[in-house]
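Subject: Structure for you to look through

Hello,

Here is the structure I promised to pass on, followed by some notes on what was found in it. Please keep it open while you read.

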Amino acid sequence: MSKDLLRRLPSVDELARDPALGGALSTHSRALVTEAARLAIDVVRDEIREGRRRSLSMDDLPVIALEKLRDVTAPALKKVVNATGTVIHTNAGRAVLSKTAMDAVMLAAGNNVNLELDLATGGRGERDCLVEGLVKRLTGAEAACVVNNNAAAVLLCLNTLAEDKEVIVSRGELIEIGGSFRLPDVIKKSGCVMVEVGTTNRTHPADYSSAVTDNTGVLFKAHTSNYEVVGFTAEVALSELAEMGRKGGIPVVEDLGSGTLVDLSRYGLPKEPLVAESIKAGADIVTFSGDKLLGGPQAGIIAGKKTLVDGIRKNPLKRALRAGKLTLAALEATLRLYLNEETLADTLPTLRALTRPLAEIEEAAQKAATLLRAGLGDGFTVTVEDGVSVVGGGTLPGRGIPTKAVAITHARKGPDAIARAFLANDPPILGRINKDRFLLDMRTVERPEDAVASLPPSWD
Ligand SMILES: *Cc1c(COP(=O)(O)O)cnc(C)c1O
């Protein structure tokens, strides 16, 4: 029986010439099509030998070969519908760029640009100049430069200002951000020696001052962006630390994490510290991310005293960590939106998602629910209910924003199965599971029809 099936397997060449695969040759190379044919035959041969296949029809092999071809040629990076309610979703690429930022990326992608070109002289320019003026204006800092992300910004600043020296940091601020950013490790990798002071819940000015030695390079402060220490607590204000640094001639560096450029309480959202406030409080250097609440591309922005930023720019590590033209294009366009705060909630997608009126979210949820009831069919129950969105990206922990979500349950299948089915949609729809129910939070979904999945063939 299996011998008979094996004998009926075509040769690789025969399969590659099969008309059902022939179309593939108009878009893919002969080498790739042949490779796919070989893989398909291997798969089927193994299935027959292991007793997992007892029949072979004419189109089985071309179908498998086309799947193998798709595995190699289909883009790995896909659009995902973020219906999680987490506005800045790190695993889904954080901030969605504004229209003007996308246009700027397209321009920089398809053209030569004045990335490091002084257009007045035709001589060499400085890439950071593209955004430095805007960062200075929006934060009050004397100077600024840009690297790949905030982790790189912290690494570069500490390495420049305190290599082989001590960095003093409060035990209450030894943060870990997801994706293996752990402050003690970053300080070590910067070539610095970490000196922890205070306790987990309380750190006082004297803890810092008594730890200062001749070898102190930086007084460091980290914004505990993804957790809060509550209860019997004390932390040293940045202004106090800055005063201490000024007296001792020791630079004060603050890792602000999210780095907000507008006061979110203006929009009825919880307050997140502003970069400008840290500069005003006397931080010598502030570092923050470009793709968290700022709403731009992945980037790390370093803002602060000119003499220090000049030194940071000269560090050879800066060359290794510098941002590319696409990033700088998107960042410049994003920062430019901040010049008009009146329209920012419309122009910046991150802020738009955070400030979307509840009535509008509910309307989108009702529309999506109607479409889903019609599309999903028997066994499903679809309702609209109150929910809680979060900012995400390690910001404003525990501060939810009221939202409306579509809840989907099934008579026989659990929330994990429903979540997997929505992920199998094209494009994948990423919801969240809460209290054993699958939810689609519509805050982050502009068009109701985007939340509608067609069930995979494996669903029954
Ligand atoms: C997010 C965050 C980082 C890491 O920033 P990336 O831009 O993701 O590298 C570092 N420190 C703090 C306090 C953060 O919140």
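Let me start with Asp128, which counts as buried at 1% relative accessibility (buried means under 20% relative accessible area, exposed over 50%, partly exposed in between, with a 1.4 Å probe and protein chains only). Please bear in mind that this is a predicted model, in which local features need pLDDT of at least 70 and side-chain atom pairs count only at pLDDT 80 or more, while totals for chains, interfaces and linings use all residues. Residues are numbered from 1 along each chain as its sequence is written, and side-chain values use heavy atoms, with hydrogens and water left out.

The side chain of Asp128 meets that of Arg313 in a salt bridge (3.3 Å, N to O), a term that stands for a side-chain nitrogen of Lys or Arg within 4 Å of a carboxyl oxygen of Asp or Glu. Both residues belong to a network of salt bridges that also links Glu132, Lys306, Asp310 and Lys318, and the structure holds 36 salt bridges.

Another salt bridge joins the side chains of Asp103 and Lys99 (2.9 Å, N to O); here Asp103 is partly exposed, with a relative accessible area of 40%, whereas Lys99 counts as exposed at 56%. A further one joins Glu277 and Lys271 (2.6 Å, N to O), where Glu277 is partly exposed at 34% relative accessibility and Lys271 is likewise partly exposed, at 38%.

As for the ligand, one of its nitrogen atoms is 2.6 Å from an N or O atom in the side chain of Asp255, and one of its oxygen atoms is 2.7 Å from an N or O atom in the side chain of Lys292.

Best wishes

Conventions: Polar contact = N/O pair within 3.5 Å; in protein donor to acceptor, adjacent residues only side chain to side chain.
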